[in-house]
Every structure is written in structure tokens, then in C-alpha cells.
Amino acid sequence: MEHTFVSALVLLLLVLDPLGSLPVFISVLRGVPPQRRTRVALRETAIAFLVLLGFMFGGKHFLELMHLSERSLEVAGGVILLVIAMRMIFASGGSLYAAEAREPFIFPLAVPLLAGPSAMATVLLLASRAPQRMADWVAALTVAMAVCGVVMLASERMRRLLGDSVVSAMEKLMGLVLTAIAVEMILAGIKRYFFGG
């Protein structure tokens, strides 16, 4: 499955799922004083970006260190994405991360909500499959994280504007698209295992 800048950007946006994370953004940021919310949102987005960027550039060495093949990573990444997609489609509306009284720092917004296992596997896979196109992957990650930051900053306003039912419907639609991408990744990994490439 060869990715372009646009397809990589779409994949990252589906994996990061900023609209699906709206309830979590709202819940976690509710305990932050309004005058600090912008700073917190930008800080958490920047931390997540740096974590994923580090994973992107260190991915090949990580694979070598752990004696993993790109095929196994592709199948594993597809399975993780499939699980995430199933949760998006069949979500019951509950939040995985409860709001805390203190200001969030790294957990849960930066890691694991934005820079979670599925996002790490995705950037690692992009970089390992086409390391010569690293500039495209960095650009796609930058744009995707910028979108996440904007959504986080405007989370409460977007919820009021769109309504809970629209946000839920969009999350399920993105989950359906992500399911197809996950299955494609798994099939591509299996194909590469049996037929090479």
C-alpha cells in the first residue's frame, strides 16, 4: 500500500481522530482555568508531535533493535487500527479518560490520546516503508497535529455548534473508513510475507 502525502495525511487524521476525541478534550480541559486552556492545548499538542516525530525518525532503528520486520509491523499496525476503528463505530459514548482536578501534563492528552500506540505504529510504518520520502511524512504529521491542536482549542465551541449527535455520527463514519484502511494494511502485510516485496 503506497502512500502519498494526501493519503498519509488522511490516515494520520483518522488515526489521531480529533473529532472523535472532542468529548475527551472537553472533559479534561474543563478543569483547566479558561485563561490557561490555550497554553495547555498548544503544549500538549507540541509534546505529542515531538513524541511521534521521534518515533518516525527512530522507527527503523527500533525495528532493528527489536528484530521486527516491516511485515509484522504492518499487520500489527493494521490490527491496532482495526480495534480503534471498531471502538469508534460501536462507541457507547463513555470517555476512556476521566477528567482530573489538576492541569493535564503529558497524560492523558499528549500521551496516549494523541501520541498513542496506533499513531506510533502508523508513523513508524510510514517511515520504514518509504524512508526516502521522510519530508512528506513530516509535513503530513505537522498538518495533522495542527488540525488536532485547532480542534482541541475549539472543542467546547465545536460541540455546541455541531451537537453531540453530529459529532457521534462523524466519528462512526471515520471509523468505517479506518476499518477499510486497517484491513488493507493487514492484507498488504500478509501478501508481503508470502510473496515478498
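Is Tyr193 buried or exposed? Select Tyr193 in helix H9 (residues 164-195) and you'll see that this residue counts as exposed, because its relative accessibility is 57%. Here, buried means under 20% relative accessible area, exposed means over 50%, and partly exposed is in between (1.4 Å probe, protein chains only). Helices are DSSP runs of H or I with at least four residues, numbered from the N terminus.

Before you go on: this is a predicted model, where local features need pLDDT of at least 70 and side-chain atom pairs count only at pLDDT 80 or more, while totals for chains, interfaces and linings use all residues. Residues are numbered from 1 along each chain as its sequence is written, and side-chain values use heavy atoms, with hydrogens and water left out.

**Into the core**

Now select Leu52, Leu141, Met145 and Leu178. Within the largest nonpolar core, which has 55 residues, these four touch the most other members. A nonpolar core is a set of buried Ala, Val, Leu, Ile, Met, Phe, Trp, Tyr and Cys residues joined through side-chain atoms within 4.5 Å. In soluble globular proteins, nonpolar side chains tend to be buried together.

Zoom in on Leu141. Leaving aside neighbours within four places in sequence, Leu141 is in contact (heavy atoms within 4.5 Å) with Leu12, Phe49, Leu52, Leu53, Met56 and Val123.

**A buried glutamate**

Next stop: Glu44, in helix H3. Glu44 counts as buried because its relative accessible area is 0%. What does its side chain meet? A polar atom of the Glu44 side chain lies 2.9 Å from the backbone nitrogen of Ile106. Beyond neighbours within four places in sequence, Glu44 also has Pro104, Phe105, Leu109 and Ala110 among its contacts.

Ile106 is partly exposed, because its relative accessibility is 34%. Most residues other than glycine have a negative phi, and most peptide bonds are trans.

Pro108 sits in the loop between H4 and H5 too, and the peptide bond from Phe107 to Pro108 is cis, with omega near 0 degrees. Move on to Pro112 in helix H5: the bond from Val111 to Pro112 is cis as well, with omega near 10 degrees.

Finish at Asp17, in the loop between H1 and H2. Asp17 isn't a glycine, yet its phi is positive, at about 50 degrees. With 7% relative accessibility, Asp17 counts as buried.

Terms used: Helix = DSSP H or I, 4+ residues; strand = E, 2+ residues; numbered from the N terminus. Polar contact = N/O pair within 3.5 Å; in protein donor to acceptor, adjacent residues only side chain to side chain.
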